[in-house]
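Here is a short briefing to keep beside you while you look through this protein. Take a moment with the view below, then read on.

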Amino acid sequence: IELKSGILNIFLRTGIVFTQVDLWLGLSYCDGKWNEATVSKEGSVISATMNELREQALEPRVQQLKVNSPVYVGGIPPEIQSFYRELGLEQGFGGCMKDVKFTRGAVVNLASVSSSAVRVNLDGCLSTDSAVNCRGNDSILVYRGKEKSVYESALQPFTEYLYRVVALNEGGSVSSAWTHARTRESVPQNVPTPSRAHSINGYSIEVTWDKPAGVIGVIEKYILKAYEADGPTVPITSAELADAGMLTGILRGLHPFTNYAVTLTACTLAGCTESLHALNISTPQEAPEDVQSPTAISFPTFLLMSWSPPKTPNGIITKYTLYMNGTPIYSGNGTKYVVKDLAVFTPHQFLLTACTLAGCTNSSQVTLFTAQLPPSHVDAPVLTVLDSRTIHVQWKEPVEVNGILDRYVIYLATNEQNFTKWNVIYNSTELFLDFTIPQLFPGTEYLIKLAACTGGGCSVSEASTAITDESTPEGVPAPKAQSYASDSFNISWTKPEYPNGIITSYGLYMDGVLLQNSSQLSCYAYGLAPWSLHSFRVQACTAKGCALGPLVEARTMEAAPEGMVDVFTSADGSKEVQLKWLAPNKPNGKLTYTVLVTGLFYADQ
C-alpha cells in the first residue's frame, strides 16, 4: 500500500497473480484532520477506501491470502528491501497514525506491539497546521530562478512539507508531481526530573517520570542514570528503555545501603538531553556479600580466632556468629575470639556468619588445626650388629605423635669419645622405620638414640648400646727401642690406631724370636752384647686374630774393648817405621785407634 502524489496505490500478489488498485485522492486528505483508510480483500474483489472515496478491482484468479509473517506498517526494514525491488519502494512513511486494526482481533496498540518505530509518531500528530502546506492553492513560493536546486531554511522541526516544481517559459508551464519531505527532530528541551523512585531491593529501583513537554519529534528512547551521591560524575549504572511509551523503568546493578542521584535522559534521532536535576534515593540494606572465612593463630591447646568485615557489607553489620563443628560458639560485634581447651593438633571446622538488618550470609567453611607439639614419647631403637663394621637400626613410630611426623634423626656416640659427643648420622624426611649404619669400627661400643620430629619440635629416645664384631687390629705401631746400657734395651709401644676389638695380648719379637707375650706395652731385654744390632717388631692380638707392626732395628750401647792389641813394626829405612796391629778380640763398639810414639826423632840441622 502506497500513498504518492495524491494516489493511494494497492499492489497485491498471490502466487503468480498480480493485482493493482489505484484510488485518486488529490489533496483531499491534506486538511489537518484524521483520515481513515480501509483496504480489504473479499473473494476476488480488492478494494481501497479513504474517507468518502472508493476504488476496487476484480481479479478472478486471485488466491486466498494467508499472512504468516510480520506486518510492516510505514516501510520495510533495510535488511529485506532487496527482496522486493520490483515494488520501487519510496522513503518510508513520515507522519502520524492511530487505531490500526484488522478484520479479526482487537485494535492494535502500535506503541506496545511494534518492534521498532522510525520517524513515526504513534500517539498522534503534534500539531494540525500542516494543512496549509500541502493544498495547491495555499502553497508558498520558495524559489524563482534558473537554478536546479534550492536550499530552504527556517523550517519547523519534525514537520512534513510538500514540494513541486513548475517549469515556465513564454509558451506556458508544466508542473511536477508533489513530493514530500519531513524535517528532522530537534534535541529534547527541558527534560523533567524523575517524579518518583522506590527501591525494589538493595540492587534495583523503579523510577517513574512524566513525558517531556514540548518535544518536537519522536522520542526514540529514555535513559535512566544513577550517580553515587557525592561520588564521581560518571554514572554507576544506567538503563536504556527503547519503549518510549512507557514512563516507568527499572535501574539495576546498584549497591545496597547507598545514596544515589537519579536522572532522566530523553533522546530523539537528533540527540539526547539529560534532566538538570536529579532525584535522590537511598537503597535499603541487604545481606552481606563476600563474607571472609575466619583465620587463626594456632597454639597447642587453643586457637586465637580473628576475621575481617565482609568485602561488601551491604549495610551495617549487626552481629557476627562463629560456628565450630556446626555449633555456634560466639555471637557479637567483635572480630576476635579465643577457642580454649582443645586437643593438640586437632582439626576443627569453622564458619562465620555476618548479619545486617536485611539478613545474614555465611562464609565458606574452613578447617583449622591446633598447633603441633613434639611426640610424647619415642622408644629406644632396636640395634642389630650385622658385621664388624655395620649396625642395623630399627624403630617404631611414636604412639602419640602430637602433629605430623616431619623427620627422623639418628644420633651416634662411641666410647672413644667417652660418649660425650653425639654425631648426627641420619636425618631424613623419608619416614622409613630402619637404617643401616655403615663404615663403623670393629669391636667398638656405640650408643645410638633416635629423635622423632614434628612441626612442634623433636623428642629424643633413650640410647641403645651395640658393640660391633671384633676384627684383627689395624695400625699396629712400630716399637721404640732405647738402650741405656751396653747389654740391654727398654722397648715400648702404643695401642694400635684401630684396635678393632679388645686387645688380648701384645707380642714382642726380637731378631725374629718371640721375646714377650703379655698385655704390657713395654719390655726389658738384657744380657746382650755391647754394640750389637737387633730387630724388633710388635704383634697385637684380639679374639679374631693378630697383626704385626713394622720392623725396627737398634744397637746396644758401646763398651770398652776387651782383649789385647797386637802391634807389629818394621823399619822402612833410616828414618821410617811401619806399624801394623790387630783389633782386640771384642771391640764392643765402633773402634778408633790412637798411635803413641816415644823416643828420639831425627831433625835436619
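Residues 24 or more positions apart make up 60% of the protein's contacts that have a separation of 6 or more. Please keep in mind that this is a predicted model.

**Overall layout**
- The protein is split into domain 1 (1-138), domain 2 (150-284), domain 3 (295-369), domain 4 (382-468) and domain 5 (480-555).
- If you compare the C-alpha centres of domain 4 and domain 5, you will find 40 Å between them.
- The secondary structure comprises 46 strands and 2 helices.
- With a radius of gyration of 63 Å, well over the 25 Å that the globule rule gives for 605 residues, the protein is more spread out than a compact globule.

- Buried residues account for 32% of the 605 in the protein.

**A look at D230**
- You can find D230 in the loop that runs between β15 (221-228) and β16 (237-241).
- D230 counts as exposed because its relative accessibility is 87%, where the cut-off for exposed is over 50%.
- N259 is 29 residues from D230 in sequence, and their C-alpha atoms are 8.7 Å apart in space.

Technical notes: Residues are numbered from 1 along each chain as its sequence is written. This is a predicted model: local features need pLDDT of at least 70, side-chain atom pairs count only at pLDDT 80 or more; totals for chains, interfaces and linings use all residues. Side-chain values use heavy atoms; hydrogens and water are left out. Domain bounds come from an automatic or database domain assignment. Helices (H or I, at least four residues) and strands (E, at least two) are DSSP runs, numbered from the N terminus. The radius of gyration is taken over C-alpha atoms; the globule rule is 2.2 Å times the number of residues to the power 0.38. Buried means under 20% relative accessible area, exposed over 50%, partly exposed in between (1.4 Å probe, protein chains only). Contact means heavy atoms within 4.5 Å.
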